Amino acid sequence: MINTQPPRKDFFIVSNRIFEFKLKPRDFIVYSCLLRHADIANHTCFPSRRLISEECQIDKKTVDVALNSLIEVGLIRKITRTRFDGSKTSNLYHVVDLTEINSE
């Protein structure tokens, strides 16, 4: 049976497989935040560090450490973005499908 209802926006799903990666709490909450903002079709999002910091109740430096840990493990990919005038804007994050990577 095909679900024809539009996706609900009041929740998101985290795969049980995430626990295989033995993430630190800061990494788990940042991963969850990115997943919460990710587009359903292509698994990308672009929340600012400030927004992630506010939603996760952690400082921006902790967000940076968590993002780097998630990149290192292979759970996300980060694409640095710039505006036409060369100034920086929020990064684009791709949340990797957990079936595509192996846990340790």
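**Exercise 1. Is Cys-45 buried or exposed?**

Before starting, note that this is a predicted model, in which local features need pLDDT of at least 70, side-chain atom pairs count only at pLDDT 80 or more, and totals for chains, interfaces and linings use all residues. Residues are numbered from 1 along each chain as its sequence is written, and side-chain values use heavy atoms, with hydrogens and water left out.

Solution.
- Step 1. Find the residue: Cys-45 lies in strand β1. Helices (H or I, at least four residues) and strands (E, at least two) are DSSP runs, numbered from the N terminus.
- Step 2. Apply the cut-offs: buried means under 20% relative accessible area, exposed over 50%, and partly exposed in between (1.4 Å probe, protein chains only).
- Step 3. Cys-45 has a relative accessibility of 2%, so it counts as buried.
- Step 4. List its contacts (heavy atoms within 4.5 Å). Not counting residues up to four places away in sequence, Cys-45 touches Leu-34, His-37, Ala-38, Asn-91, Leu-92 and Tyr-93.
- Step 5. Compare sequence and space: Cys-45 and His-94 are 49 residues apart in sequence, and their C-alpha atoms are 6.7 Å apart.

**Exercise 2. Describe helix α1 and its buried residues.**

Solution.
- Step 1. Helix α1 covers residues 25-37, which is 13 residues.
- Step 2. From first C-alpha to last, α1 reaches 19 Å, close to the 18 Å expected at 1.5 Å a residue. The expected span is 1.5 Å times one less than the number of residues.
- Step 3. The buried residues of α1 are Asp-27, Val-30, Tyr-31, Ser-32, Cys-33, Leu-34 and Leu-35.
- Step 4. These buried residues pack against β1 (44-45), α2, α3, β2 (76-79) and β3 (92-95).
- Step 5. Take Ser-32 as an example: its relative accessible area is 8%, so Ser-32 is buried. Leaving out residues up to four places away in sequence, Ser-32 touches Phe-12 and Val-14.
- Step 6. For contrast, Ile-13 lies in the segment before α1 and, at 66% relative accessibility, counts as exposed.

**Exercise 3. Which residues of the largest nonpolar core touch the most other members?**

Solution.
- Step 1. A nonpolar core is a set of buried Ala, Val, Leu, Ile, Met, Phe, Trp, Tyr and Cys residues joined through side-chain atoms within 4.5 Å.
- Step 2. The largest one has 23 residues, of which Val-30, Tyr-31, Leu-34 and Leu-75 touch the most other members.
- Step 3. At least two residues of this core come from each of α1, α2, α3 and β3. Helix α1 gives the most, with five residues.
- Step 4. Leaving aside neighbours within four places in sequence, Tyr-31 is in contact with Val-14, Ile-18, Leu-70, Leu-75, Val-95 and Leu-98.

**Exercise 4. How do the axes of α1 and α3 cross?**

Solution.
- Step 1. Axes are lines fitted to C-alpha atoms, for helices over the stretch in contact, and angles run from 0 to 180 degrees between N-to-C directions.
- Step 2. The axes of α1 and α3 come within 9 Å and cross at roughly 80°.
- Step 3. The two helices, α1 and α3, are therefore roughly perpendicular to each other. Angles under 35 degrees count as roughly parallel, over 145 as roughly antiparallel, 65 to 115 as roughly perpendicular and the rest as oblique.
- Step 4. Arg-26, Asp-27, Val-30, Tyr-31 and Leu-34 of α1 make the contact with Thr-62, Val-65, Ala-66, Leu-67, Ser-69 and Leu-70 of α3.
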